[in-house]
Amino acid sequence: MNIAMKRWLPQAAAAVCLLVLLYPLAWLLATSLKPADEVVTSLDLWPSHFEWSNYTTALDGVSGITVTQLLGNTLLIAVGAVVGNVLSCSLAAYAFARLRFRMSKVMFAFMVATLMLPHHVVLIPQYIIFNRLGMVDTYWPLILPKFLATEAFFVFLIVQFMRGLPRELEESARIDGCGAFRTYWSITLPLTRPALITTAIFTFIWTWNDFFTQMIYLFAPEKFTITLALRSFVDQSSTSAYGPMFAMSVISVLPIVLFFFVFQRYLVQGMATSGLKG
Amino acid sequence: MSTVSTRAPSRPAPDTDRQAPKRRRRQVRERQWPAYVFLSPWMLGALVLTLVPMAVSLYLSFTDYNLFDPPHWVGLRNYTEMLTEDPRYWRSVGTTMLYVVVAVPLKLGLALGVAMLLKNLNRGRAFYRSAFYAPSLLGASMSIALVWKALFNDGGTVSGLLDSVGIDVGGWVGNPHLAVYVVVLLTVWQFGAPMVIFLAGLQQISPDLYEAASLDGAGRRRQFVSITVPMLSPVIFFNLVLEIINSFQVFTPAFVISGGKGAPADSTMFYTLYLYERGFTASHMGYAAAMAWMLLIAIAAITLILFRTSRSWVFYADEEGR
């Protein structure tokens, strides 16, 4: 292998890989703009003309609920989940990383073990609990658990990050008379910002993508999230409505794409550090 | 994954004062209460949303329960039924196992291969790293599952392409032998998350090791086997455990591609899909709870086996000479 090939081969391989990887996304975008007769018959990616009406149809939403409302519903749940996870997971993480208490080892081991617990084991009793509380078909079952730090992944992520922080600042704050809460709030939390941002973005995207929990707990169409609406759109319409269906698909993944472009540095780093020793 | 290391409380200096033990206990208690305040949301969640539900679901797994009438104790009936009388249960186990066994090695192999490619890339490494990661976030959405379904449907891009090179298999989604591979390929497409972890691991391997090895005359393959794999083994292990646990619980793509019913002919009836069907569509909550416990046992067993066998192949650099 000569030098030029050695230099260009990896570049070319990476570029080809990227093209294959992006094809489904390009297909999604293209199909969302195709006229109905071209969707099934043509293998061409490029539409013969742009069918913008797919998007106006999609914006009308499902069962009289507009896409704006659906997006608003999803946003409400996602923001609730983000606030809940950032608050409760950072509180628990601070205790695990910095404070001494009895049974701390046992509790930490339990927290790590729940990382591996399949959600299905607690699913049915949780459903029964929320049903008894009259919270089925409300957003509470989707938001409340986040305020109780049930997502161990984030507690673990923040613990790993906090352990890497120097202790000196916190210790001097203590000597200056700061209590544990003050130290946590004004010293540790600001330093933990990268991990908190990672937590916030992952929570947002995972909540936005979630389908299972939303499907189980939400029934009234006016409370639907964009994912649930997309599913009932699929159930209601035939292949002739492919264009509008994929227009709605584009609308539903748009926030994730935007978040990805803005925060990809945090996302990639958050993923990378989760696999390495903190 | 990091080892659990919580600092042991330091032993207080011996005290001759008689009142000391009492005072010390009080001090310990005073020092501890803020920790419990910080932990209270987590403890409440762990108790009310994890521990109690675990106990309840274990109890329900021995009952017949439809959410409206009180649970009716049936002993081991659910378990014996699923293990001996329910072919659909075994079908779902088989489908899920096939999926895990095919998808996880493919995904991790691709992730490692691309990570090594990117490591040697002089230009655009950060760009490619981010771009390859994007499918890992998008792939979990219903939208992308719908795209996959359309791409692999009869007359879709994939069957069209295969047709043009003379392979006529028709649509994969409607084919009971191929439908499961649509889900496999969607999972493999999301290789970016393990790749990012591999890449971070690769970058922590000291270049001196490779330099020394090539001075000793080790070729590329030898360097991969003797340096890259052992140095990367903790990361490989982490990715393996994580991907296996996640793969057992795949739901959204299975739901979308199978039309929510495991179609065609139960060939995409994944374990979690069947659990959902039993519990929430057919209202056999007890049976679903028993299925959940079998899943927990399977995941725990596999994780345990992985941890046991890992001692022989996972190499922690900081344990050297201990």
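I count a salt bridge where a side-chain nitrogen of Lys or Arg is within 4 Å of a carboxyl oxygen of Asp or Glu. The model is predicted, so local features need pLDDT of at least 70 and side-chain atom pairs count only at pLDDT 80 or more, while totals for chains, interfaces and linings use all residues. Residues are numbered from 1 along each chain as its sequence is written, chains are lettered from A and ligands numbered from 1 in the order in which they are written, and side-chain values use heavy atoms, with hydrogens and water left out.

**Salt bridges.** I found 9 of them over all chains. In one, Arg98(A) pairs with Glu170(A), with 2.8 Å between the closest N and O atoms. Arg98(A) sits in helix α4 of chain A and Glu170(A) in helix α9 (residues 168–175) of chain A, so the pair ties together parts 72 residues apart in sequence; helices here are DSSP runs of H or I, at least four residues, numbered from the N terminus.

**Interface.** I looked up the contact (heavy atoms within 4.5 Å), and it takes 95 residues from chain B and 92 residues from chain A. The buried area, meaning accessible area (1.4 Å probe) lost on putting two parts together and summed over both, is about 8400 Å², with 77% from carbon and sulfur atoms. Phe38(B), Trp42(B) and Leu49(B) supply 11% of what chain B buries against chain A, more than any other three residues. Between chain B and chain A I noted 0 salt bridges. Helix α1 (residues 20–60) of chain B gives the largest share of the side of chain B that touches chain A, 22 residues.

Technical notes:
Helices (H or I, at least four residues) and strands (E, at least two) are DSSP runs, numbered from the N terminus.
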